[in-house]
Amino acid sequence: MAMNLAAIHYGMTLNETLVAVTLNAAYALNRSKTNGSLEVGKRGDCVLIRAPDWRHIIYQFGDPHNVIKMVF
(Lines give C-alpha, C1' and ligand atoms only; values in the text may rest on other atoms or scores of the structure.)
Protein backbone atom coordinates (compact mmCIF):
# COMPACT_ATOMS: atom_id res chain seq x y z
CA MET A 1 0.00 0.00 0.00
CA ALA A 2 2.82 2.41 0.86
CA MET A 3 4.54 1.75 -2.46
CA ASN A 4 1.29 2.27 -4.36
CA LEU A 5 0.58 5.59 -2.66
CA ALA A 6 4.13 6.83 -3.12
CA ALA A 7 4.28 5.93 -6.83
CA ILE A 8 0.75 6.85 -7.89
CA HIS A 9 -0.02 9.86 -5.71
CA TYR A 10 3.35 11.33 -4.77
CA GLY A 11 5.33 10.83 -7.97
CA MET A 12 8.15 8.71 -6.55
CA THR A 13 9.90 6.33 -8.91
CA LEU A 14 9.38 2.61 -8.41
CA ASN A 15 12.97 2.21 -7.22
CA GLU A 16 12.52 5.04 -4.70
CA THR A 17 9.39 3.39 -3.33
CA LEU A 18 11.22 0.08 -2.86
CA VAL A 19 14.02 1.76 -0.89
CA ALA A 20 11.45 3.69 1.17
CA VAL A 21 9.61 0.56 2.33
CA THR A 22 12.71 -1.57 2.92
CA LEU A 23 15.98 0.15 3.85
CA ASN A 24 14.48 3.45 5.02
CA ALA A 25 11.71 1.73 6.97
CA ALA A 26 14.23 -0.49 8.76
CA TYR A 27 16.30 2.58 9.64
CA ALA A 28 13.23 4.40 10.98
CA LEU A 29 12.53 1.43 13.24
CA ASN A 30 16.18 1.27 14.37
CA ARG A 31 16.57 -2.14 12.72
CA SER A 32 18.85 -1.29 9.80
CA LYS A 33 21.64 -3.47 11.20
CA THR A 34 19.47 -6.60 10.89
CA ASN A 35 16.79 -5.76 8.32
CA GLY A 36 16.05 -3.66 5.26
CA SER A 37 18.58 -4.79 2.65
CA LEU A 38 20.02 -7.93 1.11
CA GLU A 39 23.27 -8.49 2.98
CA VAL A 40 25.00 -11.45 4.58
CA GLY A 41 23.75 -11.88 8.13
CA LYS A 42 20.56 -9.84 7.75
CA ARG A 43 17.05 -11.21 8.15
CA GLY A 44 14.58 -11.31 5.31
CA ASP A 45 11.56 -12.86 3.68
CA CYS A 46 11.33 -14.06 0.13
CA VAL A 47 8.16 -13.30 -1.82
CA LEU A 48 7.27 -15.37 -4.86
CA ILE A 49 4.96 -13.37 -7.16
CA ARG A 50 2.80 -14.13 -10.17
CA ALA A 51 4.00 -11.24 -12.30
CA PRO A 52 6.42 -10.66 -15.15
CA ASP A 53 8.33 -8.08 -13.07
CA TRP A 54 8.50 -6.96 -9.41
CA ARG A 55 7.15 -3.51 -10.32
CA HIS A 56 3.84 -5.13 -11.23
CA ILE A 57 2.89 -5.59 -7.55
CA ILE A 58 2.74 -1.83 -6.98
CA TYR A 59 -0.15 -1.46 -9.39
CA GLN A 60 -2.05 -4.53 -8.15
CA PHE A 61 -2.75 -3.00 -4.75
CA GLY A 62 -6.39 -4.13 -4.60
CA ASP A 63 -5.74 -7.78 -5.47
CA PRO A 64 -2.67 -9.10 -3.60
CA HIS A 65 -3.93 -12.70 -3.47
CA ASN A 66 -3.60 -13.05 -7.23
CA VAL A 67 -0.14 -11.48 -7.32
CA ILE A 68 1.59 -12.94 -4.25
CA LYS A 69 2.01 -16.68 -4.66
CA MET A 70 4.02 -17.49 -1.53
CA VAL A 71 6.06 -15.88 1.24
CA PHE A 72 8.86 -17.82 2.93
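Student: In what order do the elements of the protein chain run from the N terminus on?
Tutor: The order is α-α-α-β-α-α-β. Keep in mind that this is a predicted model.

Student: How many helices and strands does that come to?
Tutor: Five helices and two strands.

Student: What box do the C-alpha atoms fill?
Tutor: Roughly 30 × 30 × 15 Å, taken along the principal axes.

Student: What share of the residues is buried?
Tutor: Buried residues account for 14% of the 72 in the protein chain.

Student: Contacts next. Of those between residues at least 6 apart in sequence, what share joins residues at least 24 apart?
Tutor: That share is 35%.

Student: On to H1. Which of its residues are buried?
Tutor: Met-3, Asn-4, Ala-6 and Ala-7 are buried in H1.

Student: What do they pack against?
Tutor: Two helices: H2, residues 14–21, and H4, residues 56–59.

Student: Take Asn-4. What does its side chain reach?
Tutor: The side chain of Asn-4 reaches the backbone oxygen of Ile-58, at 2.8 Å.

Student: Why does Asn-4 count as buried?
Tutor: Because its relative accessible area is 13%, and buried means under 20%.

Student: Is Leu-5 buried, partly exposed or exposed?
Tutor: Leu-5 is partly exposed, because its relative accessible area is 35%. The band for that label runs between 20% and 50%.

Student: What happens just after H1?
Tutor: Gly-11 takes a positive phi there, about 70°.

Student: What about a positive phi in a residue other than glycine, which residue has a value near 60°?
Tutor: Asn-30 does. Asn-30 belongs to the loop between H3 and S1.

Student: Is Asn-30 buried or exposed?
Tutor: Asn-30 is exposed, with a relative accessible area of 71%.

Student: Switching to Leu-18. Which helix is it in?
Tutor: Leu-18 lies in helix H2. Leu-18 counts as partly exposed, because its relative accessibility is 33%.

Student: What does Leu-18 touch, leaving out residues up to four places away in sequence?
Tutor: Leu-18 touches Met-3 and Trp-54. Met-3 is one of the buried residues of H1.

Student: How far is the C-alpha atom of Leu-18 from that of Ala-2?
Tutor: Their C-alpha atoms are separated by 9.5 Å. Along the chain, Leu-18 and Ala-2 are 16 residues apart.

Student: Now charges. How many salt bridges turn up in the whole structure?
Tutor: A search finds two.

Student: Which residue does Asp-53 pair with?
Tutor: Asp-53 forms a salt bridge with Arg-55. Their closest N and O atoms are 2.9 Å apart.

Student: How accessible is Asp-53?
Tutor: Asp-53 is partly exposed, at a relative accessible area of 30%. Arg-55 also counts as partly exposed, with 34% relative accessibility.

Student: And Lys-42, which side chain does it meet in a salt bridge?
Tutor: That of Glu-39, at 3.1 Å from N to O. Glu-39 is partly exposed, with a relative accessible area of 48%.

Student: Where is Lys-42 placed?
Tutor: In the loop between helix H3 (23–28) and strand S1 (47–49). Asn-30 is placed in the loop between H3 and S1 too.

Student: What polar contact does the side chain of Lys-42 make with a side chain?
Tutor: One with the side chain of Ser-37, at 2.7 Å. The Lys-42 side chain also reaches the backbone oxygen of Ser-32, at 2.8 Å.

Student: Which residues does Lys-42 touch, not counting those up to four places away in sequence?
Tutor: Ser-32, Lys-33, Thr-34, Asn-35 and Ser-37.

Student: Good. Let me look at that loop again.
Tutor: Start from Lys-42: its side chain meets Glu-39 in the salt bridge, makes the polar contact with Ser-37 and reaches the backbone oxygen of Ser-32.

Notes
Residues numbered from 1 in each chain as written. Predicted model: local features only at pLDDT ≥ 70, side-chain atom pairs only at ≥ 80, totals over all residues. Heavy atoms only, no water. Helix = DSSP H or I, 4+ residues; strand = E, 2+ residues; numbered from the N terminus. Polar contact = N/O pair within 3.5 Å; in protein donor to acceptor, adjacent residues only side chain to side chain. Contact = heavy atoms within 4.5 Å. Buried < 20%, exposed > 50% of the residue type's maximum accessible area, 1.4 Å probe, protein only. Salt bridge = Lys/Arg side-chain N within 4 Å of Asp/Glu carboxyl O.
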